[in-house]
Structure formats: C-alpha cells, structure tokens
Amino acid sequence: MTIIKTKLNRRSFLKASALAGGGMILSFSWLTGCKPTAEQEALGLPDEWFELNSYIKIGDNGRVTLFSPNPEFGSNVKTSMPMILADELDVDWSNVIVEQADFYPERYERQFTGGSQGIRQGWNPLRAAGAAARYLLVAAAAQTWEVSADEIKTSKGIIEHKGSGKKAHYGEMASMAATIEVPVEVKLKDIKDFNIIGTSKKNVDIEKIITGKPMFAMDYKQEGTLVSAIVHPPAFGMQLKTFDGESIKSMSGIKDVFSFHVHSDGYVQNAFDTTTHQEMVAIVGNSTWEVLQAKKALQVEWEKAPDKEITVSGWGGNQSKVKIPSGLENTDGHLARMEEYSKKPANVLRKDGNPEEAFQKAAKVLEKTYTAPYLAHNCMEPVNCYAHVTADKAEIYGPTQAPEFIINTLSERLGLPKDKIQINLARMGGGFGQRAYSHHMVEAAVISQKVGAPVKMMYTREDDMTYGIYRPTYTATYRAAIDENGKLTAIHVKAGGIPETPIAPNRFPAGAVENYLAEGWDIPSNITIGAFRAPRSNFIASAEQSFLDELAEELGKDPIDFRLELLDRATKNPVGTNNDYDPERYAGVLKLVREKANWDSPKEGVHRGVSAYFCHNSYVAEVLDLRLEGNKPVVENVVAAVDCGIVINPDAASNMGEGAIVDGIGNAFFGELPFKDGVPQKNNFNDYKMIRMSEAPKKIEVHFVKNEHAPTGLGEPLFPPVFAAVSNALYQATGKRFYTQPFGKELDNVMLRM
Amino acid sequence: MATFNLNINGKTQSVDIDPATPILWVLRDHLDLVGTKYGCGIAQCGACTIIMDGNAVRSCSIPVSAAEGTKITTIEGLSEKVDHPVQKAWMEHDVPQCGYCQAGQIMSAVALLENNPNPTDEDIDNAMNGNICRCGTYVRIKKAIKTAANS
Ligand code: FES
Ligand code: FES
C-alpha cells in the first residue's frame with residue numbers, strides 16, 4: 001500500500017482562482033464553440049459543478065471534468081495525464097470531459113512540457129489529486145449514510161456500502177465532498193488494480209482535429225484582432241540599421257509599421273529567454289495577405305552587429321555574463337574550427353583507470369570521427385501568438401511548452417504585475433523543444449501594447465526557419481584501445497560543438513570499460529541554439545552507437561552480444577561510482593529487441609542495424625531493416641524495445657514512438673541547415689528536405705518492457721538511437737561506414753539515391 | 001478589390017477582396033474556416049490542402065480569382081456527423097499527434113480515394129507525398145487510408 005502526501009489545499013486553490021480574475025474562467029469548448037456529440041448530449045451536463053481540487057470537478061449528475069495541466073504539443077499528455085487522475089478517482093472514462101488547464105502556477109505543480117518529464121513528474125501529483133478527490137466523495141457518503149468509510153467501495157463513479165445496501169453516484173455526494181477538509185495523506189491504488197492506466201484510450205481531441213475545429217493559437221482571434229508580421233535580420237550577426245516604414249503604410253489594409261526591442265536594455269535573461277534578434281520590424285494590418293504583401297515591399301537596411309554581452313541568471317539565481325561574438329559565420333568555417341578543436345586537449349569530464357597507458361600499450365587503436373549539422377525544428381505550426389495588452393492587463397494565447405519561463409519576462413517587459421497577465425495554453429502544432437523558448441509571446445505582447453489592440457502575430461515559414469534556436473552542430477571522435485589478445489582495454493571520447501559539448505560523461509559506456517576518458521569542448525557563436533528532441537543525446541547516441549558497431553566488428557563480435565558483454569561488466573563489476581543508468585534495464589531492452597526483431601535469423605536481402613540508448617530515464621533499443629530496391633534504400637521495418645516503466649496509454653505511446661523513429665530517419669538522411677555569411681541557406685520546405693511518406697518505414701513496431709517502475713520519459717528516448725540504426729544498416733547494405741550526417745548526401749558515393 | 005462568389009462546402013459565400021489573395025487566407029481570415037492550415041505558403045507541405053472540383057489542391061498557392069465557378073470542400077465540409085469513412089478510419093487508428101497537418105492529410109486522402117477507391121501502396125505514397133507530417137504519423141496515415149478504402 002502506498003500512502004502519498006496530497007499537497008492539496010482547497011483554500012489556497014480558491015484564493016488562486018480568485019486572483020486569476022474570474023474564478024473558473026475555463027469553459028467547455030463544446031458548449032461555447034462546437035456542438036456536443038451525441039454521446040455528450042446523452043450524458044448531459046450537470047446543473048452544478050463542484051470543485052474537489054484544481055484538477056477535478058464533479059457535476060451533480062455524476063459527470064466528471066478533469067483538467068490536464070501541461071501544454072499539449074502532440075505527445076498526447078492531454079489524454080494520458082487525465083487518465084492517471086481518472087484511474088485514482090475511480091471513474092468511468094467515458095463519463096469524463098477533459099479540459100486544457102490554462103497557466104495557473106498557484107494551482108498546478110509543473111506546467112512544463114519538455115525533457116520528457118510530463119508523465120514522470122506528474123505521476124505522483126496526479127495520482128494524489130485523483131485519490132484525494134475519491135477520498136472526499138467516500139467521506140461524504142460515510143457521513144451521509146452514517147457508516148464507516150473503510151466499509152465503502154467505489155467503482156466507475158459509483159459509491160457503495162454493501163452492509164446497508166446504500167448506493168450513490170459521485171454526483172450525489174459531490175456537493176458535500178466539496179465541503180470536507182482535504183486529507184493531508186491519501187492511500188493510492190495498488191498497481192494491479194489500475195483499470196484505465198495501461199489501456200489504450202483515444203486522443204481526447206481526435207474529433208476536433210479531424211473536423212478542423214479551431215484549437216491552435218494560429219486559429220484564434222477576438223473581435224477587432226489585427227494581424228501582424230515581423231521582419232527579422234536575414235543573417236546571424238546582423239542587426240537593424242534603418243527601414244522605410246512610411247512607404248508601405250499607405251498599402252491596402254496596413255495600420256502601422258514600427259521597430260521594437262524584444263527585451264528592454266540591461267534585462268537579465270533566464271535560460272529560456274533565448275532571442276536571436278533583439279530588434280525587429282513589426283507590420284500590423286487588417287488581414288494576413290495584406291500584411292504579407294507589405295512585408296515583401298518593406299525596404300530595410302541591415303548592418304553588422306558588434307560583439308555583445310548579455311546577463312543570464314541561472315537556476316540558483318546566480319548571474320553570469322555571456323559573450324555573443326560578432327561576425328558572419330559559415331558552415332565551412334564551423335567545420336574547420338571543430339576539426340581544430342577535436343585535435344586539441346579538451347576539458348576532462350570523466351576519467352576511469354589509466355586510459356593513456358592503455359592506448360600506449362594497445363596493439364591496435366580504432367579511431368573514428370562523426371559530425372552532424374545544425375538542424376531546424378520546423379514545427380508544422382510556424383511561430384505565432386495572440387496577445388491583447390491593455391493599460392492594466394494582458395491576455396496571451398500562444399504555443400508554449402513553458403509558460404512558467406516566460407511569465408517574468410512578460411511582466412518585466414510590459415510593466416504589468418504577473419497576476420495581471422493571463423497566459424492561456426493553446427494546443428501546439430509541434431514543439432520539439434523549440435517552443436520552450438517563448439520570445440514570440442513577448443513579441444506579440446509588445447506589438448499589441450504599441451498598437452493598443454488585440455494582435456495575432458505570425459511568422460512566415462521563412463521567418464520561422466531562419467530565426468534560430470537550432471539543434472547545434474557537433475563532432476565527436478571515439479577511440480578504442482585493443483590489446484594483443486584482441487581485448488578491448490580503453491575507450492576515449494572527445495566531443496564538442498557550437499556552442500556546447502554533447503557528452504553526458506556518466507552514461508554508458510562509462511562504467512563498462514576499465515579505462516575510460518571523456519573530454520568535451522565548445523566554441524561560442526552568435527547562432528542561437530535550443531533544446532531539440534533529446535538535446536545532445538540526439539547526436540552523441542548516433543556517434544557512440546555507430547562506433548560500438550564498428551568496434552564489435554573489429555573484435556569479431558555480434559553487435560548485440562558485444563553491448564550485452566559491456567553491460568554485464570557494468571552490472572557485475574561497474575567501473576566508477578557515478579554511472580547514471582541501470583545496466584540490467586539497458587540489457588533488458590537489447591534482449592527484447594533481439595527477440596522481437598528475430599535478430600538471430602537474418603533474412604535474405606534485408607540489411608539490419610541495431611542501436612540502443614538511455615536518456616530521459618528510459619531505455620530503448622532499435623533494429624532497423626533496410627532493403628535496396630534498385631539503387632534506393634527502403635526502410636522496411638523498425639522494431640523498438642522500450643523500458644519507460646508503466647505505460648499509461650499504450651497505443652498513443654506507440655504512436656509517439658513511431659513518430660520519433662520517423663523523425664530520426666528523416667533527420668539522419670536529410671536534416672541539415674548550412675550557413676553562409678551568417679545566412680541560413682534554407683528557408684522553406686522546397687530546400688529543407690523533410691521526410692515524406694514514401695521515405696518513411698513501411699512498418700514500425702514498438703514493444704514495451706512490462707514492469708511496475710514508475711513511468712519515465714517517452715517523447716524523446718526513441719529518437720537518439722535511430723540515427724545509428726540507420727548508419728549501421730547502411731553499412732550492412734553498402735560495405736561503407738557513414739560518419740557524416742545527413743547520410744543522404746553520401747549515398748551518391750555508393751551509387752544510392754533516396 | 002473585387003467581389004467573388006465562392007461555392008464552399010455547398011454554400012455560396014461572397015467576399016470583396018484583392019484578387020491575388022490565396023484561397024487559404026480567404027478561408028482563414030475572411031470566412032473563419034480555420035481548419036485549413038498554413039505551413040509553408042509555397043505548395044510544399046500540404047497543410048493547406050482543400051478539394052477543388054474533386055482534386056486535392058494547395059490553397060496557399062491558388063488565388064481567389066481562380067476559385068470562382070469551382071466547387072470547394074474544406075475539412076469543415078467533409079461530413080455533418082464526423083462519419084466520413086476517412087474520418088472514421090482516422091479515429092480507429094488514432095492517427096494524429098500534434099494534429100496540425102491532419103486536415104491537409106485527410107483532404108489529400110479523401111481526394112485520393114474519390115479518384116482511386118483501391119489504391120496500392122505506391123498510389124498512396126504518390127498521392128500523399130505532398131503532405132508533410134512533422135510528427136511522423138505516416139505509418140498510421142497509410143493504415144487509415146487502407147481501412148477507409150476497405151469500408
Ligand atoms: S501551406 Fe500550402 S502547401 Fe504548405
Ligand atoms: S500530426 Fe503533427 S505534423 Fe502531423
């Protein structure tokens with residue numbers, strides 16, 4: 001039996017919603033916007049709702065509303081988080097209405113979608129909220145019936161006391177439950193008693209999505225909303241010099257043209273305030289097309305920006321100065337500098353044993369270098385935001401993964417107290433890490449404040465692809481020392497990037513090799529970067545897992561056997577003490593993928609690559625099957641084995657995994673954003689190649705390890721291993737190793753074409 | 001500015017507008033039909049796909065002046081009760097992730113099946129290759145199209 005502290009307090013919650021300026025300002029979208037479905041109509045709406053805590057309302061007729069706290073960008077938290085609430089609350093899922101909670105830090109513990117932490121960190125708070133509300137309903141029944149709460153059972157929203165034959169639905173007890181003191185501690189369900197968690201439930205928004213209902217910030221407007229576009233410098237290292245606003249002000253539908261600063265001078269940024277261009281031009285008008293025409297016609301002059309220094313405050317509040325170098329950077333220059341840094345000694349991040357000696361004594365050294373380019377996130381929904389700022393308050397509705405990181409920025413920039421700024425959470429058309437940086441909310445708000453009207457700001461695809469916050473470019477050199485008996489004695493990795501190293505020094509293969517050295521370096525740049533689905537892991541996994549494949553071959557071992565041997569060492573006799581993975585769970589996914597992919601029975605004409613990685617607290621192994629159809633590589637099947645603890649919504653979890661695999665294959669073959677004189681060389685989908693249906697795998701299977709570990713990350717961990725599964729399969733198909741991403745560019749060398 | 005009478009989802013609607021305005025922005029800004037999405041503006045992503053006289057077209061790249069006299073269907077006009085076979089198949093396979101591309105995907109799939117009720121894998125690839133799904137739901141889209149074809 002698990003007892004958990006609820007941390008819920010109805011009084012503080014009520015105070016919070018009063019502060020927010022409208023009590024329950026959330027409404028049922030199908031009441032205000034669309035018609036209810038037949039099913040919803042049949043169930044009916046209650047006359048009155050009773051709030052049991054900030055996540056749960058029960059109607060007098062037994063209907064249940066659950067608020068999903070975290071922003072939804074496609075990982076399906078809007079379904080899986082309420083499933084956790086519903087299971088502990090013990091209600092019938094078909095009787096549940098799910099609503100997106102808006103940003104209320106006083107009411108919800110963590111409204112951040114990112115780092116694959118939503119379910120992991122939401123697990124206990126959501127279970128506690130569900131269980132606490134159930135406790136109140138049971139307590140209300142016990143009081144009403146004058147029986148002991150211990151003798152009362154619940155099932156699917158029905159409360160029953162066998163001894164007295166009394167029975168009621170939750171709605172009948174809700175008004176009294178809402179007056180009972182919230183318990184300090186509650187008992188949670190046993191895992192074996194879950195009946196919603198672990199069963200596949202459809203996306204709660206599916207009907208809205210497939211009927212084209214407005215759900216994205218892009219679709220939102222209020223009476224009198226003006227449209228705004230921005231013009232940002234065409235290159236990193238450039239800034240605004242002058243612009244001729246007057247000449248376009250007379251164009252049809254144009255209301256205003258002005259330049260603005262995103263942050264005020266001397267503003268101390270937080271880690272998510274990344275903003276490439278501090279000064280931009282805004283064009284405001286009546287309609288999108290008119291504004292876009294004016295944007296095209298605008299005459300602007302740019303100039304080179306000087307070196308800059310910004311102050312960034314870290315998590316602990318300590319401030320550091322960050323230098324942003326001037327200059328117009330080039331991909332060729334990046335590659336040359338990275339090569340130079342790869343050859344110099346770097347910062348030692350971890351050292352076990354005596355790697356120098358092992359390399360000196362080695363009979364053979366295998367050394368390989370891997371490189372990957374900058375990547376643009378290319379969320380399907382370009383950057384946009386609705387803002388309505390008046391003298392005393394602001395309403396912001398936009399795509400953000402991290403409202404809590406932008407609220408202070410907004411408050412500072414607008415000169416409004418935080419409690420006068422309401423951030424409402426839109427469904428996002430993708431995020432992939434980029435929407436954790438919500439500068440666009442500030443931009444829209446500043447524009448609205450300036451024109452004194454509600455404004456919908458939209459980046460064009462070209463603006464979106466060229467404004468920055470990219471996945472960095474990286475390079476890694478792996479070396480292995482092999483003694484005269486053909487035994488691996490040391491591994492050395494030196495890796496860096498612009499502007500960060502991708503190494504996680506305490507991850508595998510650290511802990512599995514007697515002599516180990518990890519070194520990192522970084523090169524500053526004015527090209528902004530940000531989280532991109534499994535930051536750093538998405539590169540270092542590709543290098544490490546390609547290298548291990550080549551090393552296994554060098555040692556004459558099967559690539560899965562070789563990894564299992566290393567993990568066996570890390571289990572039985574680990575090297576060092578800080579290893580931040582569980583080698584047995586790691587080995588578990590390799591064994592599962594071996595079984596599910598029939599690894600030991602190869603098929604004629606099918607070239608297979610294996611790869612595995614641990615990140616975001618989860619373990620993943622993947623086997624990718626490739627066939628050559630003429631000179632075209634075709635990914636026939638990908639089998640993934642995943643250990644992310646308890647899986648909340650299995651079919652949706654598979655969907656997420658399939659997406660990560662497709663995303664990885666696409667970026668492995670095609671993803672790249674080169675630079676010339678600071679200018680991104682691709683700005684739309686005609687030249688930035690995205691994976692399309694014909695290049696996607698014909699089939700994907702995602703298998704989950706069944707266990708009772710608390711849930712861990714899922715949105716990211718399936719992504720990093722794909723790259724090496726691709727390169728290792730390509731090697732099997734062509735006899736050539738692929739070291740430089742995107743691999744598509746090197747296919748020509750082996751007479752292949754995608 | 002000029003006045004255009006457009007037949008959209010079986011209803012005639014009239015707009016007074018710059019003739020060069022792409023249908024996409026007429027739908028989204030002037031007629032409040034926002035199910036059709038903007039993704040690239042240059043006929044490369046398919047987010048803006050609508051059906052015009054039976055064919056899937058990219059509404060971001062067709063001026064409103066070319067729309068008069070045609071019959072346009074958008075995602076909003078596909079069915080009254082969310083029961084178009086393609087919509088039902090999308091639900092069965094729980095296709096969407098973020099959902100942003102899905103209206104365009106569905107409209108391309110509907111046009112495909114109207115013209116070719118039993119498409120091969122290759123037919124599906126060809127018809128759907130103009131629609132990017134950044135979330136990578138392609139495997140499910142293909143399954144859903146096959147389910148819809150069989151219903
Ligand atoms: S917006 Fe029309 S194809 Fe991309
Ligand atoms: S579901 Fe997100 S782009 Fe397709």
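The C-alpha centres of domain 1 and domain 3 of chain A lie 39 Å apart. The structure is a predicted model, in which local features need pLDDT of at least 70 and side-chain atom pairs count only at pLDDT 80 or more, while totals for chains, interfaces and linings use all residues. Residues are numbered from 1 along each chain as its sequence is written, chains are lettered from A in the order in which they are written, and side-chain values use heavy atoms, with hydrogens and water left out.

Chain A is divided into domain 1 (3–201), domain 2 (218–309 + 383–458) and domain 3 (537–753); such bounds come from an automatic or database domain assignment. Between domain 1 and domain 3 of chain A, 22 residues of domain 1 are in contact with 19 residues of domain 3, where contact means heavy atoms within 4.5 Å. These two domains of chain A bury about 1400 Å² between them, 61% of it on carbon and sulfur atoms. Buried area here is the accessible area (1.4 Å probe) that two parts lose on being put together, summed over both.

What holds for charged pairs across this interface of domain 1 and domain 3 of chain A? The rule finds zero salt bridges there, a salt bridge being a side-chain nitrogen of Lys or Arg within 4 Å of a carboxyl oxygen of Asp or Glu. The count of residue pairs in polar contact between domain 1 and domain 3 of chain A is six (both at pLDDT 80 or more). A polar contact is a pair of N or O atoms within 3.5 Å; within protein, one must be able to donate a hydrogen and the other to accept it, and residues adjacent in sequence count only if both atoms are side-chain atoms. On the side of domain 1 of chain A that touches domain 3 of chain A, the elements giving two or more residues are α4 (77–89) and α5 (118–145) of chain A. Helices (H or I, at least four residues) and strands (E, at least two) are DSSP runs, numbered from the N terminus. Of the elements on this side of domain 1 of chain A, α4(A) gives the most, with four residues.

Chain B comes next, with domain 1 (2–75) and domain 2 (85–149). The C-alpha centres of these two domains of chain B lie 21 Å apart, and the contact takes 16 residues from domain 1 of chain B and twelve from domain 2 of chain B. The area buried between them is about 1200 Å², of which carbon and sulfur atoms give 58%. Zero salt bridges are counted between domain 1 and domain 2 of chain B, alongside four residue pairs in polar contact (both at pLDDT 80 or more). On the side of domain 1 of chain B that touches domain 2 of chain B, β3 (49–52) and β4 (55–58) of chain B each supply at least two residues, and β4(B) gives the most, with three.

Finally, the two chains meet each other: 59 residues of chain A are in contact with 53 residues of chain B. The area buried between chain A and chain B is about 4700 Å². Seven salt bridges are counted between the chains, and the side chains of Arg140(B) and Glu658(A) meet in a salt bridge (2.9 Å, N to O). The rule also finds 28 residue pairs in polar contact across this interface of chain A and chain B (both at pLDDT 80 or more).
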